[in-house]
Amino acid sequence: MAPPVRYCVPGERLCNLEEGSPGSGTYTRHGYIFSSLAGCLTKRSENGAVKELPVVSVMRETESQLLPDVGAIVTCKVSSINSRFAKVHILYVGSTPLKNSFRGTIRKEDVRATEKDKVEIYKSFRPGDIVLAKVISLGDAQSNYLLTTAENELGVVVAHSESGVQMVPISWCEMQCPKTHTKEFRKVARVQPEFLQT
Amino acid sequence: MAGLELLSDQGYRVDGRRAGELRKIQARMGVFAQADGSAYIEQGNTKALAVVYGPHEIRGSRSRALPDRALVNCQYSSATFSTGERKRRPHGDRKSCEMGLQLRQTFEAAILTQLHPRSQIDIYVQVLQADGGTYAACVNAATLAVLDAGIPMRDFVCACSAGFVDGTALADLSHVEEAAGGPQLALALLPASGQIALLEMDARLHEDHLEWVLEAAAQAARDVHTLLDRVVRQHVHEASILLGD
């Protein structure tokens with residue numbers, strides 16, 4: 001028999017700060033934890049540490065809009081390139097699709113970890129490529145999200161060749177078209193073996 | 001010609017209510033599937049619809065982005081058929097801009113904007129039928145819509161209007177009572193803490209009477225909160241049943 005679910009609304013006082021620690025969907029004021037969302041109250045105790053207070057949080061059924069945070073791995077699509085940077089649309093944060101896409105920028109010096117000054121954007125990305133990147137900055141007044149692909153697991157995942165066929169990666173810097181057998185330069189992501197379908 | 005008696009000797013108003021009585025409120029959340037959050041409210045004959053989008057990236061000029069908070073953008077629009085006579089200018093007139101600004105001030109006080117830096121939250125309110133207390137209906141509808149969108153808020157924002165006739169404070173004025181020309185006060189309250197989000201009045205009221213009118217409006221806002229609380233719990237309960245929790 002499932003325990004009775006307790007619903008809460010914003011402004012409802014949940015408990016004392018001595019009885020729980022605030023989680024997502026809550027805020028603290030004057031030593032008490034209040035709810036900030038309308039949803040179900042959940043209390044989760046950290047497994048292991050006995051003297052840790054249970055985390056009190058309010059969960060909604062439909063997750064609200066997720067914003068990319070610093071350090072998050074995002075999936076984006078290249079919209080335009082330039083000799084200094086590539087502009088992308090951020091489509092997924094982790095594995096959650098975004099309802100509205102955000103704009104991001106991958107600067108020339110953030111494409112690779114080695115030989116940063118010898119990078120050519122034209123040989124790393126092309127418009128339409130799907131790229132895995134990490135957020136390094138939320139940006140300031142003038143810029144969008146700043147992303148980096150300077151890791152082995154980050155870079156181009158899906159790309160189409162000039163003849164329109166999806167290409168197969170052959171090394172960390174080249175992809176080959178299966179139809180015309182031409183090789184094109186991209187900064188390819190090394191996909192983890194468990195994600196490869198054989 | 002006998003004047004319209006707003007408060008009879010027995011204490012009844014024009015529509016038969018008592019001085020502190022609210023009109024019948026019906027509200028629904030999740031009216032539109034395509035918006036992030038939406039709600040519809042009817043307070044007596046005043047009907048308002050609120051739609052919330054966000055938080056999303058700042059549209060237009062990126063220089064308006066605040067580095068530590070979300071930007072709250074409110075727009076108020078009243079339909080041309082909402083009043084007794086058809087309105088000629090539904091958008092962009094002074095009243096709409098001022099209402100939008102007041103709504104923005106109200107919701108910036110309640111929404112936890114620090115959680116979403118450099119993003120924008122849009123709140124659009126449309127009045128379909130205006131029978132007095134339009135600001136209050138808009139705030140109540142927008143509160144439900146923001147909750148429906150899952151945007152974290154400090155507390156509900158409940159609003160109500162109040163007036164002063166014949167030595168008695170009246171709560172939740174209808175159009176007839178507003179048009180009679182007495183002082184009217186609009187109050188938006190955060191019920192749990194009792195904090196006032198917005199207080200607006202542009203009439204002349206003796207300072208001795210202000211306390212009574214304010215108390216009447218605050219009590220009415222708390223009554224609205226009781227109702228909205230029930231609506232939200234009902235909606236959350238139904239949503240969890242539908243998702244097979």
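This is a predicted model: local features need pLDDT of at least 70, side-chain atom pairs count only at pLDDT 80 or more; totals for chains, interfaces and linings use all residues.
How many residues of α2(B) are buried? The count is 15 of 15, so to speak a mostly covered helix, with buried meaning under 20% relative accessible area. After α2(B) comes Gly150(B), with a positive phi near 80°.

Now turn to the sheet. Five strands of chain B form an open sheet in the order β1-β2-β3-β5-β4, and the pairing is mixed. Strands β1 (25-29) and β4 (71-78) of chain B stand at the edges. Each has a single partner strand, so one side of each is left without a neighbour in the sheet. On average, neighbouring strands of this sheet are turned by 15° against each other, direction ignored.

Look next at β3 (residues 46-57) and β5 (residues 119-129) of chain B. These strands run antiparallel and are joined by nine bridges. Tyr53(B) stands opposite Asp122(B) in β5(B).

Two helices pack on the sheet. Helix α1 (residues 94-110) of chain B touches β4 and β5 of chain B, and its direction makes about 140° with that of β4(B). Helix α4 (residues 207-242) of chain B touches β1 and β2 (37-43) of chain B. The direction of α4(B) makes about 35° with that of β1(B).

Finally, the record. An unreviewed UniProt entry annotates residues 21-152 and 155-219 of chain B as "domain: Exoribonuclease phosphorolytic". Residues 155-219 of chain B are 28% helix and 40% strand, and the end C-alpha atoms of that span lie 17 Å apart.

How values were computed. Residues are numbered from 1 along each chain as its sequence is written. Chains are lettered from A and ligands numbered from 1 in the order in which they are written. Side-chain values use heavy atoms; hydrogens and water are left out. Buried means under 20% relative accessible area, exposed over 50%, partly exposed in between (1.4 Å probe, protein chains only). Helices (H or I, at least four residues) and strands (E, at least two) are DSSP runs, numbered from the N terminus. UniProt positions are given in the numbering used here, feature names are shortened, and annotations may be inferred rather than shown by experiment. Two strands pair if DSSP finds at least two bridges between them. Axes are lines fitted to C-alpha atoms, for helices over the stretch in contact, and angles run from 0 to 180 degrees between N-to-C directions. Contact means heavy atoms within 4.5 Å.
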